[in-house]
Amino acid sequence: MARAVTTNRVVISTAAAWLCGFLIFFPILWMVLASFKTELEAFAIPPSFLFFHWTTENYATVQERSDYLLHALNSIIIAGGSTIIAMLIAIPAAWSMAFSPTKRTKDLLLWMLSTKMMPPVGVLVPIYLIYRDLGLLDTRVGLTFILCLGNLPIVVWMLFTYFKEIPKDILEAARMDGATIGRELIYVLTPMAVPGLASTLLLNLILAWNEAFWTLNLSTLQAAPLTVFIASYSSPEGLFWAKLSAASTLAIAPILVLGWFSQRQLVRGLTFGAVK
Amino acid sequence: MGQIALQGVQKSFGPVHIIKGADLDITDGSFVVFVGPSGCGKTTLLRLIAGLEDVTGGAILIDGRNVVDVPPAKRGLSMVFQSYALYPHMSVRGNIAFGLKMAGLPKAEINRKVEAAAATLNLTPYLERKPRELSGGQRQRVAIGRAIVREPKAFLFDEPLSNLDAALRVQMRLEVTRLQKQLATTAIYVTHDQVEAMTMADKIVVLNAGKIEQYGSPLDLYERPNNLFVAGFIGSPKMNFISGEAARQQGAPTIGVRPEHLKVERAGQGGWPGTVSVAEHLGSDTFLYVDAGQLGMLTARYIGELSLSPGDKVSLSPEPARIHRFDESGNAIHA
């Protein structure tokens with residue numbers, strides 16, 4: 001039975017949705033506000049909300065003290081590189097598992113996912129030692145490699161679910177229509193798979209951009225991405241709330257912009273198979 | 001030309017035998033329907049002919065040439081899938097043209113053929129639309145358009161109407177039959193619906209558990225079923241089967257009488273006595289489900305309206321010339 005939707009109900013649920021949205025957004029808003037405060041105002045009690053002395057001095061200090069652009073470049077190279085490599089490995093892997101599965105395909109997928117259940121800190125020491133011996137500590141190559149490995153199971157899973165959604169009938173119809181494997185790939189499969197590839201790529205990029213465990217532990221300066229840059233503001237000299245906020249705002253800005261423009265693909269990617 | 005012959009075709013998936021040796025001759029231009037309960041192997045048999053599955057044994061001849069090692073596209077057949085299987089990112093035009101494009105035809109010729117096919121199927125106004133913007137019936141017509149535009153030796157239909165609603169199904173049934181007669185192209189059509197089979201086919205293949213039970217014209221199957229399975233599968237409502245003393249009186253272990261060949265009379269007129277348990281009044285017909293004691297439940301069909309209701313006593317007598325007789329192993333005894 002369809003429920004009657006009254007005006008009241010619409011008003012209440014809209015208000016509730018806005019409230020939830022605001023609650024989730026609030027820490028980010030607070031961080032952005034704090035980044036424009038002086039250090040003193042940043043931890044003043046009671047806190048001032050909008051009426052304080054606005055200043056951009058934190059941003060200047062942050063850029064002066066550490067090289068934002070270097071860290072941003074590192075983030076781009078590490079997140080972008082690990083995403084591209086993960087996609088290159090995952091596409092054929094997911095493809096073969098989706099279209100010519102064997103008896104062990106399900107086990108393999110589960111095993112891949114199970115590696116994500118292990119806490120990364122459990123292998124920190126061995127990985128650290130291996131990286132030290134191979135000279136990969138604080139290198140972009142090393143970080144790209146470890147993030148790629150970390151995200152690979154998720155990428156394979158997402159692509160597998162996506163490819164599974166492509167009906168087999170359509171591929172057979174293309175075969176009946178005389179398409180060779182190559183043409184089937186160009187004219188039928190790729191156009192159908194593009195939305196899935198795009199959302200997987202985006203999500204992986206965001207995960208890699210935000211990854212903090214490995215990047216903090218395996219890099220110091222040369223290859224350090226923005227996560228390390230943020231963390232450097234909680235230092236033995238004390239917590240600098242305003243500068244920390246400025247650094248964080250700078251660090252999340254690029255990915256926030258990317259996320260904003262690709263909302264649709266992201267939502268599609270996160271609700272795989274949930275809706276037809 | 002579109003003559004198709006199956007010679008001892010077998011198909012197994014591992015230890016499971018799906019098709020246990022099928023022999024069949026399909027003449028050029030005929031409309032053949034594969035019918036049977038689900039899991040009987042009818043779709044597998046169609047896919048073997050299409051080349052989407054490889055045979056385990058036997059030969060498939062198209063116009064006299066064995067095609068078991070020929071890829072699907074080179075067999076000169078086209079297929080209409082149950083799910084339509086349209087390319088979602090292409091327009092109707094793109095969908096219909098795809099096969100011709102793959103065959104490398106010149107653009108002008110492709111356009112001419114696509115437009116001719118669209119005109120035949122009343123799809124001209126929709127040529128630039130995407131499949132998602134079409135109704136179920138229109139999508140089905142696009143799938144058919146994609147099949148006819150290639151001028152194949154034969155059409156293969158895999159339950160193409162099962163996703164449509166009842167009214168549309170009847171209409172599309174007519175359209176498909178008319179189109180096939182107009183093009184005079186061989187067609188093989190798979191369905192589990194015996195009404196579709198009876199109405200569309202020149203010849204019906206009844207399949208059961210991977211075996212061809214009978215191959216013949218619809219009326220042949222209706223009037224002279226080879227065995228109990230075919231007798232029970234063809235005809236709606238189902239044939240009544242009676243065994244025991246009443247059957248032995250007719251000279252066979254089991255006899256079958258179709259509901260339309262049971263005469264319904266007031267109780268006490270001779271024949272088999274029974275009590276009406278359900279009466280379905282359709283106006284044009286009346287279906288009676290009669291509890292006939294030891295004979296079990298019998299179905300009778302009366303043409304026209306018969307005002308009987310549950311609990312009424314009736315007597316049923318079979319038309320003597322329309323009684324089907326079967327031996328112990330279920331095969332028909334032909335006089």
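## Ground rules

The model is predicted, with local features needing pLDDT of at least 70 and side-chain atom pairs pLDDT 80 or more, while totals for chains, interfaces and linings use all residues. Residues are numbered from 1 along each chain as written, with chains lettered from A and ligands numbered from 1 in written order.

## Chain B at a glance

Chain B has 9 helices and 18 strands; these are DSSP runs numbered from the N terminus (helices H or I, at least four residues; strands E, at least two). Its C-alpha trace spans about 75 × 45 × 35 Å along the principal axes.

Of the 335 residues in chain B, 40% are buried (20 or more other C-beta atoms within 10 Å of the residue's own, with C-beta atoms placed from the backbone).

## Where A meets B

Here, 14 residues of chain A are in contact with 16 of chain B (C-beta atoms, placed from the backbone, within 7 Å). On the chain A side, helix 8 (168–176) and helix 9 (181–210) each supply at least two residues, and helix 8 gives the largest share, 6 residues.

## Helices 7 and 9 of chain A

Helix 7 (residues 140–165) of chain A packs against helix 9 of chain A at about 155°, with the axes 10 Å apart; axes are lines fitted to C-alpha atoms over the stretch in contact, and angles run from 0 to 180 degrees between N-to-C directions. So helix 7 of chain A is roughly antiparallel to helix 9 of chain A (angles over 145 degrees). Among the residues making the contact are A:Leu147 and A:Phe163 of helix 7 and A:Gly196 and A:Ala208 of helix 9.

Notes. Buried ≥ 20, exposed ≤ 12 C-beta atoms within 10 Å, placed from the backbone. Contact = placed C-beta atoms within 7 Å. Parallel < 35°, antiparallel > 145°, perpendicular 65-115°, else oblique.
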